[in-house]
Structure formats: structure tokens, C-alpha cells
Amino acid sequence: MAEAEKPEEKVDLKSMMKKLSAGASYRRVIAAHEAGHPICVASAGIPSEIMFAMDVYPIYPESLAAISSGIRKADEFFDEARARDLTNSVCSYTRCGLGISWTNKCAFGPLPDPDLFITDVSICCLHVTWWAYLEDHFKKPTFFVDQPATDRPDDPAYIDYYENQIREMVKFIEDNTHSVFDLERLKQTVRNSDLTGLYWKKIMELRKHKPSPASFRHLAGQILPLVTALGDKDAADFYIAFYGHYQDLIKQRVTPAAGGEKYRLIWNGIPIWHHLQVIDYFEKKGANFVWEPYTSLSWGNKTPSGRLDPEDPFRTLAVKYTNVFTNRPIEARFKYFEEAIDEYDVDGMVMFSNRSCRPQSIGQDETVEMVREKYDLPILILEGDQADAEGFSWEDAKNKIDGFVEVLEARKR
Amino acid sequence: MISEFKERIEKRHERSRELKKEGKKIVACFYGLVPKELIHAAGIVPIQLIEERNPQYEEKSELLPYLCGMGKNLTGQIYGKVFDYVDGVMVGTVCDTNRHVYDIWAHRKLFPHLLLVRTPSTASDAAVNYYTDELKRLAGELEKISGKKITENSLRESIALYNENKDLFCQFYDIRPKTDISAEDTVYIFSSGLVTPVEEHNDMMRRFLSILSATSEANNEVKLMLCAVNLNMAIDVIRMTERYGASVVTDDLIHNARYGSNKIDMEGDPFEALARGYLRKVPAPGIYSFEERATYIRDRMAKAKAKGMIYLIQLYCDAYAIEYAILKERFDKWKLTHLKLEAEDTPSSIEQLNVRIQSFVESLS
């Protein structure tokens with residue numbers, strides 16, 4: 001197991017962020033294509049370390065959809081989906097992501113013609129249909145890292161099956177590209193990924209401090225290398241540096257919440273990418289998000305120990321990627337909330353009822369019931385969509401937040 | 001004879017309660033990917049959870065407004081104790097709503113036995129092995145409900161009964177366009193199979209086919225095919241097409257497409273045969289060839305001489321909605337005349353389809 005390295009000197013965070021930014025990631029894909037490396041359209045939730053170790057460069061349509069939405073450049077992709085008769089009830093990542101594939105461009109410019117498609121099948125059913133469509137429409141080799149629907153992701157037989165799927169994924173890449181698998185390279189990749197995940201987790205832990213130094217708004221941006229650059233040493237260095245940065249902010253008692261951190265909150269759901277100012281608005285009112293399943297449970301080293309074992313890379317990746325929060329029973333999901341409420345000393349919760357994401361939204365009401373029963377915490381439910389701004393009213397959202405903060409304030413008196 | 005089929009579907013709950021009184025165990029299936037043969041082999045009667053038009057159910061479910069009506073309707077029926085005779089429910093995943101509504105049913109402990117079928121999405125050798133083991137695990141769970149051991153022989157016998165049922169359906173669907181059996185009656189004939197013990201339904205189908213004869217195809221109505229998920233909505237649309245001088249001569253009702261899709265191989269290990277018979281063989285978005293599904297629809301239209309097709313999507317059914325957009329590429333390429341409709345399962349929502357159906361029928365006249 002790799003030793004955790006400690007930051008020793010001040011680093012230039014801005015240039016590090018620039019190196020791992022969405023734009024830089026886009027430019028890397030373009031350069032890789034020009035250099036003859038294979039390009040893969042990949043879903044979230046696949047063992048991306050394998051691709052990194054085999055020089056396969058991923059395009060993540062969900063990530064590009066979130067970015068397009070965040071910079072208000074998603075409309076043309078939604079229009080394209082509408083023109084092809086995809087109704088708005090279909091997930092906005094899927095509609096926007098397909099728009100990106102059909103137009104072969106993203107918010108940063110044209111995309112190279114992909115060589116492969118790879119998807120997971122456990123995060124949501126739409127991934128399966130979406131990638132099956134890509135295979136059918138674009139006629140490219142496609143691999144489904146199979147993971148049957150389950151409510152017992154820890155079952156060893158289930159993990160065995162998935163481990164075999166990762167080995168099949170390696171074979172698929174070798175069969176369809178000139179890439180050659182090298183076990184030592186995978187071990188090094190997992191080592192870097194482990195450090196990346198470890199320091200992300202440590203950053204999450206720092207948020208237990210009062211006031212918490214991190215802003216959910218910033219973290220929503222800083223999470224990108226966990227999606228696009230796992231295995232890259234730069235990604236590990238990036239989070240190590242940010243860990244040091246947040247430690248400094250703790251010493252300085254800096255909080256993103258304007259006027260001081262009066263309320264500590266949980267956000268449940270994907271960020272509202274088209275209106276990230278929702279988070280700013282909370283912070284302006286002294287309410288700071290200190291824990292989210294999205295940041296703490298969906299990304300990073302999702303193993304029981306919180307570490308990856310580079311010496312047993314296939315197994316460790318299987319354990320990590322089968323651990324899907326929404327595949328657990330509602331009671332098991334609630335336990336994470338219990339821990340967070342207790343350990344992060346939370347004053348309230350905001351539940352994002354996201355019409356695009358059924359796996360995250362179904363069961364939310366039951367979680368709310370359990371939280372109310374045990375903790376009597378104020379809970380705000382915001383409705384909307386992760387990437388499609390249609391129907392979202394900023395004014396309504398502000399009114400709801402105002403009312404919610406008033407409730408928090410009354411409870412503090 | 002049609003009234004017999006109709007009664008089976010209309011009085012399904014009464015009949016199930018009678019079976020219960022006779023000492024039978026009943027396990028309900030949530031959608032068509034559940035291997036009914038396995039349930040039957042345990043001496044249990046499998047029935048399908050079917051939507052029932054009553055807006056109260058959707059309200060009662062208290063599920064999120066943007067979830068499909070089917071999941072909400074079934075959950076509402078469950079909360080309303082409509083399925084109080086059920087010993088257990090087996091859920092086969094076809095979409096995120098049906099997968100995660102399972103979580104709520106489990107959380108609320110709504111059934112004594114609730115089983116999630118862990119179905120792989122591929123049909124590789126590893127997937128077949130995994131699914132064969134999964135079927136054996138499920139067999140153990142079902143044995144706990146019925147107290148009856150599932151043997152290779154009992155499973156083989158059950159597979160044979162369901163194969164026969166599928167075969168009888170195929171015979172009926174082949175001959176139906178040449179008969180005077182109406183589209184609405186066809187829905188009853190088919191849907192009764194979802195809630196009737198297979199032995200009884202086979203007997204009904206055999207008797208029915210023996211008296212069914214081809215008639216001349218003399219009428220000048222506009223012939224249509226209907227693809228739909230929801231049975232009640234399908235009946236409404238059938239009635240509307242008839243109002244405007246058209247007739248639905250063949251259909252692709254999703255319950256039917258999944259239930260009657262293919263026969264299971266009778267050779268070898270029956271658990272493995274069942275695994276092979278279900279993996280990527282049952283039409284469901286993403287885990288079944290789009291080419292085969294679109295071709296099936298086109299061929300069925302040609303066979304029934306349908307001039308056009310109506311594709312009816314239940315609002316918020318994202319799985320069916322995305323599948324339509326994918327199939328449409330082929331429909332357009334083949335210049336297959338069709339009308340896509342999207343509505344909720346409420347009279348007012350359905351009523352709004354009137355004008356579009358009328359225009360579509362007129363355009364084909």
C-alpha cells in the first residue's frame with residue numbers, strides 16, 4: 001500500500017488546476033488522437049484506471065454535459081436531441097451527451113472520431129441503452145462492464161463477476177486497439193489513483209472543522225480530475241496540494257460562507273450545473289454545505305478501508321467500482337446520512353429532487369422521513385434537473401432558500 | 001369464448017384469492033424479465049402486476065411526479081392492498097424506476113418475500129454462468145415460500161408449459177389479421193395469460209384456436225399496428241382508431257413482446273437453458289438488438305398489411321421513450337408510416353390524442 005505523501009512546499013494551485021481543467025482535458029484528447037492513441041466514449045462508473053494504464057483517452061459525455069450546462073452551452077445539444085424525437089423526460093445527461101456524439105463536438109470545440117465505446121451498467125439503466133445506441137448508430141466496438149442490478153453489492157460472488165469483467169475490458173481494449181496491457185503500469189496507475197482518492201477523502205474529512213474551509217461550489221469544480229484523470233500523478237499532486245491549501249484555510253479560519261459559517265448543511269444530489277449560483281446564494285446567507293453523498297460517496301476510493309491495493313489491482317478496482325451508493329438498500333443509505341449528521345454537526349439538509357436521475361431521487365422521501373424521525377432537522381426539497389435549465393425558476397429557488405434559512409435562523413435563537 | 005378471457009383479466013384478483021384459498025402460493029412478477037418458469041417449478045402461481053386505471057392509485061403511491069405512471073400505479077395498488085393475496089414479488093430490472101421502486105417496497109416491508117433478479121446485461125459465457133447460479137439462488141428462495149423443491153425435471157416441465165403458451169400465442173398472432181377478432185379482444189386474450197395459471201390458459205388457448213377460423217379480408221378500414229406499454233391506454237387508442245374508421249390489426253404490446261418473445265431450449269441443464277433463454281433474448285431497451293426489434297415491428301406490419309403504426313409512450317417512461325427515438329431512425333429509413341403519441345394514463349390525457357389519431361387515420365385513408 002502506498003504511503004500518504006505530505007505536501008512540503010507551497011505550490012501554484014492555479015497552474016495545477018489549469019493543467020487538469022476541462023479545457024486541458026479536451027486538449028489532451030485532441031493531441032492523443034493526433035498521436036494515434038485510441039479515443040473512447042466512456043460512461044461515469046467504469047474503472048478508468050484501466051484506460052489510463054493502456055493509453056486509451058476517454059471522452060466522458062456526462063462530464064461534458066455538466067460542463068456545457070454550467071457554461072450555458074448545452075442548448076444546441078438539447079435541440080439536437082429534440083429534433084431526433086428524444087423527449088424531455090429522458091435524462092438530460094443522456095440527451096446532451098447524445099447531442100455531443102451526434103454533432104461530434106463539445107463546448108470546447110470539435111471532438112475526434114472515437115474508436116471505442118465503454119460503459120458501466122450499474123449506475124443507471126440508461127447507460128446501457130445509451131451505449132447500446134452508440135454501438136448501433138456509430139458501429140464501433142462497444143464494451144459493457146457488466147454489473148447486474150443488485151441490492152447487495154458487497155456479495156463476494158458479485159465482486160468476483162465484476163473483477164472478471166475488468167479483465168474482459170482489458171482484453172476488449174487489446175483486441176480493438178494497438179494498446180498492450182502492462183501489469184506494472186496498472187499497479188503504478190492504481191498507486192496514483194489511490195493517492196488521488198485518499199487526499200480527496202482527507203479533504204472531505206477537513207470539512208468537519210468549524211468553520212469548514214471548503215465550498216461545495218469550488219469542490220464541484222475540483223472534482224473533475226477524479227472523473228477525468230484517475231491514475232495520473234498530476235491528479236494525485238493536485239489533491240495533495242489542495243489538501244494543504246484547505247489546511248491553511250482552517251488555520252486562518254476561512255470559510256466560503258459570507259459573514260461566517262452560521263449553518264452547516266448537507267446537499268443530497270448532483271449539483272444543479274446550470275444554476276451553481278444556488279450554492280453561492282446559500283453561502284451568502286451564512287449556510288455552508290459540509291457533506292454531500294455526491295462528493296463523499298460517489299467519487300474517491302470507495303473501498304471499506306478507503307485505500308486501493310496496487311498489488312492486487314483487479315480486485316481492488318472491483319471492490320471500488322461495485323460499491324455504488326444507490327445500489328444499497330434505503331436503510332444502508334440512511335446510515336451514511338446518520339454518520340454525516342453526527343460527525344459533521346449538521347443543522348439542516350437540502351435534497352435536490354432531480355427529475356433526470358431516478359436512482360438518486362427514488363428513495364429520497366424515505367430518507368427524509370428517517371432523518372426527520374431521528375434528528376428533527378429542517379429539510380428543504382429543491383426540484384429541478386441537473387443539466388437542463390428548462391422549467392427552473394431562479395426566483396422560486398431563492399424564495400425557497402430564504403424561507404429555509406429563516407427556519408435555520410429561528411432554530412439557532 | 002372471448003368473454004372467458006375477458007373475465008380472467010377483469011376478475012383476476014377474485015380468481016387469485018380463490019387460488020389462495022385452495023392452498024396455492026402466489027408470486028407476482030414486476031415486468032416481463034422475471035423468469036416465470038422458475039416460479040412455476042416451485043409449485044407457485046406466477047402472476048404479473050398489471051396497471052389498473054384509477055388516478056387514486058397514483059396519488060396514493062406518493063412517488064415523485066416525474067416517475068412513470070406504471071410504477072406509481074402499481075405502488076398505489078400495493079398500498080391499497082389490492083394484491084393482499086400475494087406471497088411475494090419478484091422484480092426483474094428493465095428501467096431505473098422499476099429497479100428503485102423495489103427499494104421502497106423493500107424498505108416499507110410490503111411483502112413477506114421480495115426478490116430482486118440479478119440479471120446480467122450481456123450473454124457472454126461468464127454472464128450465462130453467473131445468471132445460472134443466480135437462478136439457482138432464486139430457486140432456493142422460492143422453495144422457502146412453497147416448501148417444494150425445484151428439480152431439473154420440475155423446471156423442465158414448467159419450461160415446456162410456458163413454451164406451449166408462447167407457441168399458442170404465436171399461432172393466434174399469425175392467424176389473427178385474417179380473423180374477425182377485434183384488437184380490443186386481442187388485448188384480453190393476451191393479458192389474461194399474465195394472470196391465469198399457465199395450464200388453464202393453455203387449455204383456453206387450445207379451445208379458442210380450435211374454433212377460430214379465417215374470414216375474408218373484405219373491409220376497407222385503414223389497418224394499423226399499435227405498439228404500447230400500458231394495456232388500458234392501448235385499449236383507449238384502439239377504440240379511438242375505430243371511431244375514425246381504422247382498425248388495429250396487429251400489435252406489439254410490451255407485456256406481450258417480453259412475455260412471448262422466445263421459447264426456452266428444452267435440452268441440457270434447464271437452469272442454464274433458462275439463463276440462455278432470457279439473456280438478451282427478451283425485448284427490453286439496451287439489452288436486445290434494436291435491429292431485431294425494429295425488423296419485428298416492420299415484418300408484423302407487413303404480415304398484417306398494416307398501412308401505419310401508432311407508437312404509444314406512457315409519459316415519463318424514459319426507457320420506452322429512448323427506445324422509440326432509436327427505433328425511429330430505422331422507421332424513417334424504411335419510410336414506415338407511424339405516429340408517436342405520448343400521454344399519461346388518465347382519460348383527460350388520452351382524450352387529447354383524439355385529433356392526432358383522427359388526422360393520422362385520415363392521412364392513410
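Trainee: How many bridges join strand E7 of chain B to E8(B), and do the two run parallel or antiparallel?

Mentor: Strands of a sheet pair through backbone hydrogen bonds, either parallel or antiparallel. In this predicted model, strand E7 (residues 308-314) of chain B and E8(B) run parallel and are joined by 6 bridges. Within that pairing, B:Ile310 stands opposite B:Leu339 in E8(B).

Trainee: What is the order of the strands in the open sheet of chain B, and which are the edge strands?

Mentor: The open sheet has 4 strands in the order E6-E5-E7-E8 (chain B), with parallel pairing. Strand E6 (246-253) and E8 of chain B are the edge strands, each pairing on one side only, and from one strand to the next the twist averages 25°.

Trainee: Which helices lie across E5, E6, E7 and E8 of chain B?

Mentor: Helix H11 (residues 231-243) of chain B lies across these four strands, running at about 160° to E6(B), while helix H17 (residues 354-364) of chain B also lies across them, running at about 175° to E8(B).

Trainee: How many residues does the contact take from chain B and from chain A?

Mentor: The size of an interface is often given as the accessible area lost when the parts come together. Here the description is by residues, with 40 taken from chain B and 36 from chain A. Strand E8 (338-343) of chain B is among the elements giving two or more residues to the side of chain B that touches chain A, as are helix H6 (96-107), helix H7 (125-146) and helix H15 (318-333) of chain B. The residues of that side divide into 23 nonpolar, 8 polar and 9 charged.

Definitions and conventions. Residues are numbered from 1 along each chain as its sequence is written. Chains are lettered from A and ligands numbered from 1 in the order in which they are written. This is a predicted model: local features need pLDDT of at least 70, side-chain atom pairs count only at pLDDT 80 or more; totals for chains, interfaces and linings use all residues. Two residues are in contact if their C-beta atoms, placed from the backbone, lie within 7 Å. Ala, Val, Leu, Ile, Met, Phe, Trp, Tyr, Cys and Pro count as nonpolar, Asp, Glu, Lys and Arg as charged, and the others, Gly among them, as polar. Two strands pair if DSSP finds at least two bridges between them. Axes are lines fitted to C-alpha atoms, for helices over the stretch in contact, and angles run from 0 to 180 degrees between N-to-C directions.
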